[in-house]
Amino acid sequence: MPADTLAPRPLQAALVSAKIVDAVLEALAHGRLTAGTRLREEEIAGIFGASRAAVRDALKALAERGVAVLQPNRGARVASPTEDEVTQTYAARALIEGAMAADLAQHITAADIRKLREHVGAQRRTNDSGERREHLRLMGDFHTLLAMLHGNPVVTETLERLVARTSFMTALFPPQTQICAIDDHVALVDALAKGDGALAQRLASKHMMDNRARLRAAVSVPTADLRAALLPS
Ligand SMILES: [Zn+2]
């Protein structure tokens with residue numbers, strides 16, 4: 001890899017990679033970048049004035065999140081999840097989060113409940129002010145917060161990966177699509193506060209299946225102008 005030996009200093013390359021990852025996620029969250037769009041290494045390097053190595057690192061990081069697909073000799077594309085993949089991912093979340101909520105109801109504290117209610121308040125604020133990406137992030141974060149309060153780090157890690165995948169699936173749909181219903185979050189926190197494990201389990205699981213039902217097959221046309229998508233003026 002002779003080109004890589006000329007790559008910029010490692011810290012700078014890492015910063016550029018992070019910037020590219022961020023630009024792709026931002027473009028997805030705002031619907032500027034669509035499923036199946038080719039992420040051409042050379043073009044992205046040109047857009048960001050980055051080395052090919054920095055772009056490759058960014059594409060690898062996006063692939064690990066399930067956002068990009070790397071195909072040997074064919075380059076990278078924005079992933080296009082199939083209907084089955086979407087269903088399976090949400091079903092996995094319904095199973096894990098239902099069981100987790102039942103468990104959590106048995107040992108949740110008043111301080112935990114306060115944290116959850118504050119979080120739901122922030123969800124409402126970002127929804128009302130139209131901060132789409134921050135709102136989507138908070139809606140996903142609510143679920144990982146539940147996992148952290150539940151307290152099993154293996155469950156938390158598993159859920160973080162699943163949340164990242166479903167956030168991406170959500171981002172592929174038009175920006176006005178509301179996925180998590182905030183009222184569902186309120187009802188779940190109420191059930192947890194009452195220590196009602198059976199109700200919390202039912203609500204957590206149904207919340208995921210309802211979210212799945214709201215997603216429709218995206219008819220996706222690859223993005224024509226990668227530069228405008230990644231670096232909007
Ligand atoms: Zn939710």
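Two strands are taken to pair if DSSP finds at least two bridges between them. In this predicted model, strand E2 (residues 68-71) and strand E3 (residues 75-78) pair in the antiparallel sense, with 4 bridges between them. Within this pairing, Ala68 stands opposite Val78 in E3. The hairpin that E2 and E3 form has 3 residues between the strands, and Asn73 takes a positive phi there, near 70 degrees.

The domain assignment of the protein chain gives domain 1 as residues 3-81 + 219-230 and domain 2 as residues 83-214. Between the C-alpha centres of domain 1 and domain 2 the distance is 28 Å. To the contact, domain 1 contributes 10 residues and domain 2 contributes 13 residues; on the side of domain 1 that touches domain 2, the residues divide into 5 nonpolar, 3 polar and 2 charged.

## Helix H5

Helix H5 (residues 83-107) has 25 residues, which at 1.5 Å a residue should span 36 Å, and the 37 Å between its end C-alpha atoms agrees with that expectation.

The buried residues of H5 are Val86, Thr89, Tyr90, Arg93, Glu97, Gly98, Met100, Ala101, Ala102, Leu104 and Ala105. An α-helix has 3.6 residues a turn, so residues three or four places apart point the same way. The cover over the buried residues of H5 includes helix H7 (132-150), helix H8 (153-171), helix H9 (182-193) and helix H10 (197-214).

Note on methods:
Residues are numbered from 1 along each chain as its sequence is written. This is a predicted model: local features need pLDDT of at least 70, side-chain atom pairs count only at pLDDT 80 or more; totals for chains, interfaces and linings use all residues. Domain bounds come from an automatic or database domain assignment. Two residues are in contact if their C-beta atoms, placed from the backbone, lie within 7 Å. Ala, Val, Leu, Ile, Met, Phe, Trp, Tyr, Cys and Pro count as nonpolar, Asp, Glu, Lys and Arg as charged, and the others, Gly among them, as polar. Helices (H or I, at least four residues) and strands (E, at least two) are DSSP runs, numbered from the N terminus. The expected span of a helix is 1.5 Å times one less than its number of residues. A residue is buried if 20 or more other C-beta atoms lie within 10 Å of its own, exposed if 12 or fewer, and partly exposed in between; C-beta atoms are placed from the backbone.
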